[in-house]
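Here's a quick tour of one protein, put together for someone new to reading structures. Take a look at the sequence and the fold, then work through the notes below.

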Amino acid sequence: MAYSITVNGRTREVDATPDTPLLWVLRDELGLTGTKYGCGISQCGACTVEIDGTAQRSCSLPIVSVQGSEITTIEGQSDRVAQAVQDAWTAIDVPQCGYCQSGQVVSATNLLRANPAPSDADIDKAMSGNICRCATYTRIRQAIQDAAGKLEG
């Protein structure tokens, strides 16, 4: 079945069964491989994308449920908030293996758009669904605080 979805500001036509997870449409049909497969049950956050401005897991979200929505992947994260997050990530060298980082960056950017001055508790709550097997949580929190500071000043 054909679906029309908007990804990173561009309307795309994809052919998939209604229950095909959005993650596989992004990766296999559209070649947007920045979004990663982690657990497949929405528990680790590696597959996080923004859907209509909300960070959501794409691995268990059927394509039929996102038709008409605005989807933003890591490849489409390019506004000033996303750039501040990515710059902070690079400046303090957050990633180790890097596998979870696209989901982490999407969630962090989404947090700062909603809350430009988050507390540590706000960060921990917003990022709690993003698991890092290298346990870089301290650096992730610091990068979010650094990005918030740069956006503020």
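A salt bridge here is a side-chain nitrogen of Lys or Arg within 4 Å of a carboxyl oxygen of Asp or Glu, and buried means under 20% relative accessible area, with a 1.4 Å probe and protein chains only. Keep both in mind for Arg 12, which is buried yet has no salt bridge. This is a predicted model, where local features need pLDDT of at least 70, side-chain atom pairs count only at pLDDT 80 or more, and totals for chains, interfaces and linings use all residues. Residues are numbered from 1 along each chain as its sequence is written, and side-chain values use heavy atoms, with hydrogens and water left out.

**Overall layout**
- The protein has five helices and five strands; these are DSSP runs numbered from the N terminus, with helices being H or I of at least four residues and strands being E of at least two.
- Of the 153 residues, 44% count as buried.
- The C-alpha atoms fill a box of roughly 45 × 30 × 25 Å along the principal axes.

**Arg 12**
- You'll find Arg 12 in strand S2, residues 10-15.
- Its nearest side chain of opposite charge is Glu 13, 8.9 Å away; for charges, Lys and Arg count as positive and Asp and Glu as negative, while His and the chain ends are not counted.
- Not counting residues up to four places away in sequence, Arg 12 touches Tyr 3, Ser 4, Ile 5 and Leu 30, where contact means heavy atoms within 4.5 Å.

**Nonpolar cores**
- A nonpolar core is a set of buried Ala, Val, Leu, Ile, Met, Phe, Trp, Tyr and Cys residues joined through side-chain atoms within 4.5 Å.
- The largest one has 22 residues, and those with the most contacts inside it include Val 85, Trp 89 and Leu 112.
- Helices H2 (80-91), H3 (101-114), H4 (120-127) and H5 (137-152) each give two or more residues to this core, and H5 supplies the largest share, six residues.
- Apart from that core lies another, of 16 residues, among them Leu 22, Val 25, Leu 61 and Ile 63.

**Cysteines**
- There are zero disulfides in the structure; a disulfide is a pair of cysteine sulfur atoms within 2.5 Å.
- Cys 47 is buried at a relative accessible area of 2%, and Cys 59 is buried at 6%.

Definitions and conventions
Buried < 20%, exposed > 50% of the residue type's maximum accessible area, 1.4 Å probe, protein only.
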